[in-house]
Amino acid sequence: MYLNCHTYYSLRYGTFSETELLQLAQENQVTQLVLTDINNTSAGLNFVRKAAQYGIRPILGIDFRNGVDPCYVGIAKNNAGYRELNAFLSDHLHQEKQLPALAPNFENAYIVYPFEKVLLNDQKKFAGNEFIGISIADLRRLPFSRLMELKEKLVVQQPVTFRNKRDFNAHRLLRAIAKNVLLSKLEKTEEACEDEKMFPIQNLAAAFSEYSFILENTERLMNACSIHFDFSEGRQPQNLKTYLGSKEEDEALLERLCQEGLPYRYPEGGDGVIERLQKELQLIKSMGFVSYFLINWDVISYARKRNFFYVGRGSGANSIVAYLLRITDVDPMELDLYFERFMNLYRANPPDFDIDFSWKDREEMTQYIFDRFHNVALLGTYVTFKEKGVVRELGKVFGLPKSEIDSLSEGRHLSRLQEGQVSQLDEVSHLVLKYGQLIQDMPNYLSIHAGGILISERPIHYFSATHLPPKGFATTMFDMVIAEDVGLYKFDILAQRGLAKIKEAIEIVGYNQPERADTFDIHDILKFKKDPVINNLIKTAQCMGCFYVESPAMRMLLKKLEVDTYLGLVAASSIIRPGVAKSGMMREYILRHRNPGRAEERAHPVMLNIMPDTYGVMVYQEDVIKVAHHFAGLSLGEADVLRRGMSGKFRSREEFQKVQEKFVDNCRKMGYEEKLITEIWDQIASFAGYAFAKGHSASYAVESYQTLFLRAYYPLEYMVGVLNNGGGFYRAEFYIHEARMLGARIHAPCINQSRHANVIYGKDIFLGFGYLRDLESRVAERILKERLLKGSFASLEDFLDRVFISIEQVSILIRIDAFRFTGVNKHQLLWKAHLFLNKNVKIDHPKLFPPKHQDFKIPQLHTTDLETAFTQLELLGFCLCSPFELLAEPPKNGHGSKDLERYLSHHIDLYGYLVTVKNASTHDGKRMHFATLVDQHGEVFDTVLFPPVAAQYYFRGRGIYRFYGKVVSEFGFLSIEVIKMQKQDYVQDPRYTDMKTSTKLLKQRDGGKIGAVD
């Protein structure tokens, strides 16, 4: 009898989930009901999936509204009707159109107009599929209405939005957040009526007892509706079934492409290649995944035509078919990639292909897919209300000042609330925390999955309505988990900056060293793997700017392992993941790697036999499958449940629990000791959500080798490519520092040399206008356009004549010394600019005749290097000289990274400029820090602050710190265990000190000369 039920996917309106709605219906003896969220279908599929568990017959619909103003409720007679409703809603959402007062003529859907709306619109004619909804509240007015005559059109429309007063309170808060108003200012018209509740079916029948025909009409309408989606284990994939139009054509094409790929990938053949290929092809065909491979091939084929760089990774990288089709660049034979991780008969979903493109190319690739195939949509996701966000939103709703909101959102008050210790808070702050718990984890708004694209056999609207985010691609209202449940498997088209760095670096080599541009092939990975120069960079961890291997943790691991091979880097890429480190097996792996005999002594024979390459240590995702299958005797299907569970992708915790119990039982039956069983299970459990598939790690290692090649042979061009694509793990100033250490001369932005991005001429790198945070992009565009059309600028006056610019904007350029080519002091230039722009009326169009300039007499002015450095700090965020030259007191010693080995096991006193800090917690929750710094000589060193020291000393932002600590070594990696730490003061900014202070500072700094500043 309930035709109009809402969940919290009626965003910022509804208050509970679709499963809670089903539970509510069960409690009230309701056997069928209609889910009709407001302009949303996010809950639809899961509502149908879960309904049988509650003994409910599900029906789907949509509550169509303009804002909160109800128009009508659409109820699907069948799946075709649901598609009609979804298409209608999507059209209006995409075009941001108001919904019409009257619904269109749906062939397979019913329309229910609210009683109040029918009266307001003076609606008199109703189609055969249209009805008038009567709520319990409407019954008082019904006898006196003309609508009483339309008995066959009247149905029950008792909306369900709340379960209790608590839900109603949450609803009001959500509405205030949606309207961005104080709760006290929320208009009643923005709220639902508090009586929008579900009553026991007997009570509802009793309320309508005088109007039995309304109950009969409602029952008849609901009985005429039926919706079905297949969520069974044997469900058919809903992806595009064929690529060419028939199964036979697809299979023939796949086989032909594989045969064509064999000579390219295996020019000299290879043992087991054909056998592996036949095994894969047979399984791909039997499981119906041929079109899935061909679509991925189609996508990368287009990318290759466009000369776009890409990396294929994921579990699909374990496949020789993917390797032959050039979807991936990882040879499964070379790496002995585990076939069953890629695919097995017990795995319902196709292998996972993540295809990374440059962040500059991804949008074109997405557009290509939308143009190339029918029935395409981006995969959606939901952004939920999180703890801090809730406090901020409710703080505004309750009218708290920003300072109090900042204090409350720190989190410590929330933990006190849970412990009942909030007596020190005022009443309003207490309400913010208390009511925040009502809406926490509810969906806030729809968003887009990081890279998932659906290409389905049926129209996307068969499954869901779509919305249109700013990028302009239709996006589903459901997420990845329910998509897989219904048989829709995503294609992952992702963006990363690493590929753009490689591509741009090659382009820069083309203009900066044209004679060397054609001397290498960036895809010749086989050659790179054997290159001793590249392998030595890995071994010595000289990897700044090189994809993921540049991080402090990876640098530390590479030094400990002394990795100097491709396979070693593949393993290191997975060992660094938190799962391996958490289980304690990262340390054990290093010990076994450095002492191969240890594996024989410590590893269980079965584990060593399963994973000889990693010394019997679980490193990759497929190791979970291997151990579960070979060590514990689980079937491959059960092992895959375990693997998916460890990735956080399981649907049923009960199913996962059963597999865990069977793992333990099987091990006991095999006679393993309890201690060993627990140890192995703990290792598996530590992988949860963190492990990589080996093929995935190998794909990343390929990209790392490409970046390492460029860093080894074209270091300056590569560093410019890194900087022009957003840097990486570190701030831009450290890549600039690295370029300087590699031989570059760094110049501040220049009117005649710089572009928006950085540019290199020989060994001279000119920083781009983009680093000037306050310079408007349109001003930079005008400068570049004028320079392109009419050549370089001869003087400040020439620049001001040719470029329309405000005094504020030209001041930025003068202060950063962008006019240094004139040889005129920048203070004098600032005077000139002020006088010029105040004297002359600027016009934003070309002049017919060159203007005449008045010759202003300006006193002789001077600028010190110290002033220049502080101006750079202000405008760029960093200075181009050494930060150590800004210290108020020069360092007391010259110690640096080079001295660590000499001081091993002894105490050292040294200075460091902070690069990055990683905050960590011990197992008992105490705070500790790992910090990376640059010494006075430009070399990197690492420190660790254990909890007692971390409790006493704090890192207070970027700057130079003085450390006193003990030099320690772990597997040859040197670091400092800090005992004492102090942040060092810079000199006072000379631009804001009086003349006496400034003169005194300059004398202290050897006449103000602090080093060359380009």
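**Loops, helices and the cut-offs behind their names**

Modeller: Aspartate 122 sits in the loop between helix H4 (115-120) and strand E6 (130-134). Helices (H or I, at least four residues) and strands (E, at least two) are DSSP runs, numbered from the N terminus. This is a predicted model, in which local features need pLDDT of at least 70 and side-chain atom pairs count only at pLDDT 80 or more, while totals for chains, interfaces and linings use all residues. Residues are numbered from 1 along each chain as its sequence is written, and side-chain values use heavy atoms, with hydrogens and water left out.

Colleague: Why does aspartate 122 count as partly exposed?

Modeller: Its relative accessibility is 45%. Buried means under 20% relative accessible area, exposed means over 50%, and partly exposed is in between (1.4 Å probe, protein chains only). The value falls in the middle class, so aspartate 122 is partly exposed.

Colleague: What is the value of phi for aspartate 122?

Modeller: Phi is near 50° there, a positive value in a residue other than glycine. Most residues other than glycine have a negative phi.

Colleague: Where is tyrosine 615, and what is its phi?

Modeller: Tyrosine 615 is in the loop between helix H27 (605-610) and helix H28 (621-631). Its phi is positive, about 60°, although it is not a glycine.

Colleague: How do you know whether tyrosine 615 is buried or exposed?

Modeller: The relative accessible area is 18%, which is below the cut-off for buried, so tyrosine 615 is buried.

Colleague: What makes helix H22 (residues 552-561) largely enclosed?

Modeller: It has 10 residues, and 7 of them are buried, so the rest of the structure largely encloses it. The buried ones are Pro552, Met554, Arg555, Leu557, Leu558, Lys560 and Leu561. Glutamate 562 follows H22, and its phi is positive, near 50°.

Colleague: Why is arginine 598 called buried?

Modeller: Its relative accessible area is 17%, under the limit, so arginine 598 is buried. The residue is part of helix H26 (residues 597-602).

Colleague: What makes the pair of arginine 598 and glutamate 588 a polar contact?

Modeller: Their side chains are 2.8 Å apart at this contact. A polar contact is a pair of N or O atoms within 3.5 Å; within protein, one must be able to donate a hydrogen and the other to accept it, and residues adjacent in sequence count only if both atoms are side-chain atoms. The 2.8 Å pair of arginine 598 and glutamate 588 is therefore a polar contact.

Colleague: Which residues does arginine 598 contact, apart from its neighbours within four places in sequence?

Modeller: They are Glu588, Leu591, Arg592 and Ala603. Contact means heavy atoms within 4.5 Å.

Colleague: Why are helices H5 and H17 called roughly perpendicular?

Modeller: Two packed helices are described by the angle between their axes and the distance between the axes. Axes are lines fitted to C-alpha atoms, for helices over the stretch in contact, and angles run from 0 to 180 degrees between N-to-C directions. H5 (residues 165-179) and H17 (residues 427-439) pack at about 95°, with axes 9 Å apart. Under 35 degrees counts as roughly parallel, over 145 as roughly antiparallel, 65 to 115 as roughly perpendicular, and the rest as oblique. H5 and H17 are therefore roughly perpendicular.

Colleague: Which residues of H5 and H17 meet?

Modeller: Arg166, Asn169, Ala170, Leu173, Leu174 and Ile177 of H5 meet Tyr435, Leu438 and Ile439 of H17. By class, this contact has 7 nonpolar, 1 polar and 1 charged residues. Ala, Val, Leu, Ile, Met, Phe, Trp, Tyr, Cys and Pro count as nonpolar, Asp, Glu, Lys and Arg as charged, and the others, Gly among them, as polar.

Colleague: What makes H8 and H10 oblique?

Modeller: The axes of H8 (residues 247-265) and H10 (residues 290-305) come within 10 Å and cross at roughly 55°. That angle belongs to the remaining class, so H8 and H10 are oblique to each other.

Colleague: How do you know whether valine 30 is buried or exposed?

Modeller: Its relative accessible area is 3%, so valine 30 is buried. This residue is in the loop between helix H1 (18-27) and strand E2 (32-38). Leaving aside neighbours within four places in sequence, valine 30 contacts Tyr2, Ala25, Ile56, Met198 and Ile201.
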